[in-house]
Amino acid sequence: MTETLVLPETSDRATRYHALIPQIQALLQDEDDLIASLANTAAGLFQGLNVLWAGFYLVKHGGLVLGPFQGPIACTRIKLGDGVCGQSWAQRKTIIVDDVDDFPGHIACSAASKSEIVVPIIKQNRVVGVLDIDSIQPKNFSDIDRVALEDLSRILSTKF
Ligand code: SME
């Protein structure tokens with residue numbers, strides 16, 4: 001296969017996911033290596049969604065550790081319950097933050113980040129990591145993102 005994403009001109013998120021998710025699925029289909037799978041997923045989301053940062057934190061030894069990502073450098077470790085990522089892990093649910101300044105304890109890896117979505121990756125009832133996406137625009141994430149990214153998270157859980 002060619003390693004090029006084909007994406008629509010429109011910025012409409014639902015249309016972008018409609019094009020993007022099958023291409024990411026195709027990339028993941030024949031790959032069982034975790035890092036390769038997460039790295040290409042981060043790149044696909046970063047490129048496909050036009051965001052500031054897209055990547056993963058992985059549960060290791062009782063904390064979250066930075067995994068494959070695209071975007072500016074980020075903090076490497078997050079504790080359970082800390083920031084949006086640690087809360088998503090603790091609550092085992094997707095968290096959408098319209099304005100990061102309104103989220104108590106938000107961890108500002110980049111001052112440019114204004115809104116964020118964090119989706120837990122759950123395998124055999126345990127959170128094994130989180131998918132985190134940041135945008136420079138406030139209110140850039142909605143239920144459209146939640147549904148698409150939770151689907152992707154279920155696929156990724158099989159790689160852990
Ligand atoms: N903002 C996140 C930290 C990770 S960076 O956004 C990449 C948080 O509050 O958990």
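## Lining of the largest cavity

In this predicted model, the residues that line the largest cavity divide into 11 nonpolar, four polar and three charged. Here Ala, Val, Leu, Ile, Met, Phe, Trp, Tyr, Cys and Pro count as nonpolar, Asp, Glu, Lys and Arg as charged, and the others, Gly among them, as polar. The structure holds one cavity of 30 Å³ or more, and about 160 Å³ of space lies in the largest cavity. A cavity is a set of points, on a 1 Å grid over the protein atoms alone, where a 1.4 Å probe fits but cannot get out; lining residues have an atom within 4 Å of a point. The volume is the space filled by probe spheres set on the points, which are joined across faces, edges and corners.

The lining of the largest cavity comprises 18 residues, of which Ile107, Cys109, Glu116, Asp132 and Asp134 are the closest to its centre. Two or more lining residues come from each of β1 (53-60), α3 (83-91) and β6 (126-135). Helices (H or I, at least four residues) and strands (E, at least two) are DSSP runs, numbered from the N terminus. The largest share of this lining, three residues, belongs to α3.

Two or more residues of the shell around the ligand come from each of β1, α3 and β6, and α3 gives the largest share, three residues.

Around the ligand there are 13 residues, and Val84, Cys85, Ile107, Glu116 and Asp134 come nearest. A residue counts as near if one of its heavy atoms lies within 4 Å of the molecule. By class, the shell has eight nonpolar, two polar and three charged residues.

## Polar contacts and burial

Polar contacts are pairs of N or O atoms within 3.5 Å. A polar backbone atom of Val84 is 2.9 Å from an oxygen atom of the ligand, and a polar backbone atom of Ile107 is 2.7 Å from a nitrogen atom of the ligand. Asp132 takes part through its side chain, with a polar atom 3.3 Å from an oxygen atom of the ligand. Taken alone, the ligand exposes 300 Å², and the protein buries 98% of that; the areas come from the Shrake-Rupley method with a 1.4 Å probe.

## Basis of the values

Residues are numbered from 1 along each chain as its sequence is written, and side-chain values use heavy atoms, with hydrogens and water left out. Since this is a predicted model, local features need pLDDT of at least 70 and side-chain atom pairs count only at pLDDT 80 or more, whereas totals for chains, interfaces and linings use all residues.

Methods. 1 Å grid on protein atoms, 1.4 Å probe; cavity = no way out; pocket = protein on both sides within 12 Å on 5 of 7 lines; lining within 4 Å. Polar contact = N/O pair within 3.5 Å; in protein donor to acceptor, adjacent residues only side chain to side chain.
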